[in-house]
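Have a look at the fold first, and then we'll walk through it.

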Amino acid sequence: MLFAQSHIDLHNIRNSIERTKKLSDNVVGIGPFGVGLDGLLTWIPGAGALYSLGAGAIMIFDGVRARAEPTVLLQMFAIIAIDTLVGEVPVAGKIADILFTGHKWSADMLLKHMEDTIYFEGTRKEAANSPEYKDVLSRIRAGKEKRRVVFLG
């Protein structure tokens, strides 16, 4: 099943994003700084790029499953591409790859986007009569709230 169908699926997607974020950019943390597999593997020719692209692809796939907007997915792709390409530059690029936490940045962007989205299980037709949907819709129309509404059905 490609798209999330329930809040449990969304919970699992969030866990996957958090796990990838931590593995990529914060396996070993020292205060506000951290180094993950992305920074460590960049010193092995080819391994860093392979890991960076693979981890980025997992997060983008999770974004598709969570029905993220295409603009968010494109921004994530650009960040991951820059992160991967920087790591391919000898020495200075390797150091920059450790400091540039592109996976963390992309993950945080996707998680924020998911937090700004209200997910309803079922179809629009099924949710249309629920008090929760009517309440959310009235707040959005009144300008009290700026959120996306996504139906999981």
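Axes here are lines fitted to C-alpha atoms, for helices over the stretch in contact, and angles run from 0 to 180 degrees between N-to-C directions. Helices (H or I, at least four residues) and strands (E, at least two) are DSSP runs, numbered from the N terminus. With that in hand, the axes of α4 and α5 come within 7 Å and cross at roughly 145 degrees. On the α4 side the contact is made by Asp83, Val86 and Gly87, and on the α5 side by Gly93, Lys94, Ala96 and Asp97; contact means heavy atoms within 4.5 Å. Sorted by class, those residues are two nonpolar, two polar and three charged. For the bookkeeping, Ala, Val, Leu, Ile, Met, Phe, Trp, Tyr, Cys and Pro count as nonpolar, Asp, Glu, Lys and Arg as charged, and the others, Gly among them, as polar.

A word on provenance: this is a predicted model, where local features need pLDDT of at least 70 and side-chain atom pairs count only at pLDDT 80 or more, while totals for chains, interfaces and linings use all residues. Residues are numbered from 1 along each chain as its sequence is written, and side-chain values use heavy atoms, with hydrogens and water left out.

**The overall picture**

The protein has eight helices and four strands, which run α-β-β-α-α-α-α-α-β-α-α-β from the N terminus on. Its C-alpha trace spans about 60 × 35 × 25 Å along the principal axes. Of the 153 residues, 41% count as buried; buried means under 20% relative accessible area, exposed over 50%, and partly exposed in between (1.4 Å probe, protein chains only). The exposed surface comes to about 8800 Å², with carbon and sulfur atoms supplying 67% of it. Those areas come from the Shrake-Rupley method with a 1.4 Å probe. If you count contacts with a separation of 6 or more, residues 24 or more positions apart account for 65% of them.

Which residues have the most contacts inside the largest nonpolar core? They are Leu10, Ile17, Met76, Met114 and Tyr119, in a core of 19 residues. A nonpolar core, by the way, is a set of buried Ala, Val, Leu, Ile, Met, Phe, Trp, Tyr and Cys residues joined through side-chain atoms within 4.5 Å. The elements that give two or more residues to this core are α1 (7-25), α3 (47-65), α4 (70-87) and α6 (102-115). Apart from it lies another core, of six residues, among them Ile118, Phe120, Tyr133 and Phe151. As for Met76, its contacts beyond four places in sequence are Met59, Ile60, Ser106, Met109 and Leu110.

Now for α3 and α4: their axes come within 9 Å and cross at roughly 175 degrees. From α3, Ala49, Ser52, Leu53, Gly56, Met59, Ile60, Gly63 and Val64 meet Leu73, Met76, Phe77, Ile80, Asp83 and Thr84 of α4. This contact has nine nonpolar, four polar and one charged residues.

Most residues other than glycine have a negative phi.

**A few residues by accessibility**

| Residue | Relative accessible area | Class |
|---|---|---|
| Ala127 | 5% | buried |
| Ser6 | 16% | buried |
| Arg67 | 19% | buried |
| Ala142 | 51% | exposed |
| Val91 | 54% | exposed |

Ala127 lies in helix α7 (residues 124-127) and touches Phe120, Tyr133 and Phe151, leaving out residues up to four places away in sequence. Its C-alpha is separated by 9.8 Å from that of Gly153, 26 residues apart along the chain.

Ser6 lies in the segment before α1. Ser6 and Phe120 are 114 residues apart in sequence and 8.2 Å apart in space, C-alpha to C-alpha. With residues up to four places away not counted, Ser6 touches Glu121 and Leu152.

Finally, Ala142 is in the loop between α8 (131-141) and β4 (148-151). The C-alpha atoms of Ala142 and Ser106, 36 residues apart along the chain, are separated by 31 Å.
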